[in-house]
Amino acid sequence: MNLARLLQLASPTLPVGAYSYSGGLEAAIEAGLVKDAASAERWIGDVLELSLGRMEVPILFRMMKNPDSIKTSNETFLASRESAELRAETVQMGFSLTKLCQDLGMGEVPLEEPAFPAAYAFAACQWKIEPGAALQAYLWAWLENQVMAAVKAVPLGQTDGQRILLSLGDLLPSLARKAMELEDRDLGNFALGLAMLSSRHETQYSRLFRS
């Protein structure tokens, strides 16, 4: 496995616009549910486990393990997005990564409307990145972006952000392993608070982020 390619795929400099989204976190801050380092860690950790770990990352693994299933898996993932903003977020990021893959000579993602996990799976396969490592990198990139959003919007100090990364980062290997073992019948995106707050964010008056 090429470690440099793995780091490139997980880098915050990847031009997919992740920095412009909070994934519903900003709405949780507006609602007063996230107001300090402890509540930010709790919110981010819950979404990490209950949404990404049980739906998004298992689907990503299926796309890497069986590239022929990418169309069905992509449709399933898009259908699992609870709000217009969350769907628009993954489609925009998927479009940007798809274009980057083309520009870098990696080929074309075989989908009309690729979600971000589908484009990521395609890139990981083209660069021959081991699936377990690719899943942890995907989780890390999401986690880092959430912490960066919390540092800006709560706001938190940089040290608080690093403490959250240190704490939640320890969960990533087990989350990746569980995602690879999860059966289809156990897939689920049970995060009702995230769904409701994301919908509220669509009409939130003052905001820094697009979701």
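**Exercise 1.** In this predicted model, are Glu-56 and Arg-81 buried or exposed, and what do they form together?

*Solution.* 
Step 1: Start with the surroundings. Glu-56 is buried, and Arg-81 is buried too.
Step 2: Now look at the charges. Glu-56 makes a salt bridge with Arg-81, and their closest N and O atoms are 4.0 Å apart.
Step 3: Glu-56 sits in helix H3 (residues 37–65), while Arg-81 is in the loop between helix H4 (70–80) and helix H5 (84–103), so the pair ties together parts that are 25 residues apart in sequence.

**Exercise 2.** Find the salt bridge between Glu-75 and Lys-71. How are the two residues placed in helix H4?

*Solution.* 
Step 1: Check the gap: the closest N and O atoms are 2.7 Å apart.
Step 2: Count along helix H4. Glu-75 and Lys-71 are four residues apart, so about one helical turn separates them.
Step 3: Check the exposure. Buried means under 20% relative accessible area and exposed means over 50%, with partly exposed in between. Glu-75 has 44%, so it's partly exposed. Lys-71, at 49%, counts as partly exposed as well.

**Exercise 3.** Which side chain does the side chain of His-201 meet in a polar contact, and is His-201 buried or exposed?

*Solution.* 
Step 1: Go to helix H10, where His-201 lies.
Step 2: Look up its relative accessibility: at 0%, His-201 counts as buried.
Step 3: Find the partner. The His-201 side chain makes a polar contact with the side chain of Glu-26, at 2.8 Å.
Step 4: Look around. His-201 also touches other residues, including Ala-27, Glu-85 and Phe-209.

How values were computed:
Residues numbered from 1 in each chain as written. Predicted model: local features only at pLDDT ≥ 70, side-chain atom pairs only at ≥ 80, totals over all residues. Heavy atoms only, no water. Buried < 20%, exposed > 50% of the residue type's maximum accessible area, 1.4 Å probe, protein only. Polar contact = N/O pair within 3.5 Å; in protein donor to acceptor, adjacent residues only side chain to side chain. Contact = heavy atoms within 4.5 Å. Salt bridge = Lys/Arg side-chain N within 4 Å of Asp/Glu carboxyl O. Lists of a residue's contacts leave out its neighbours within four places in sequence.
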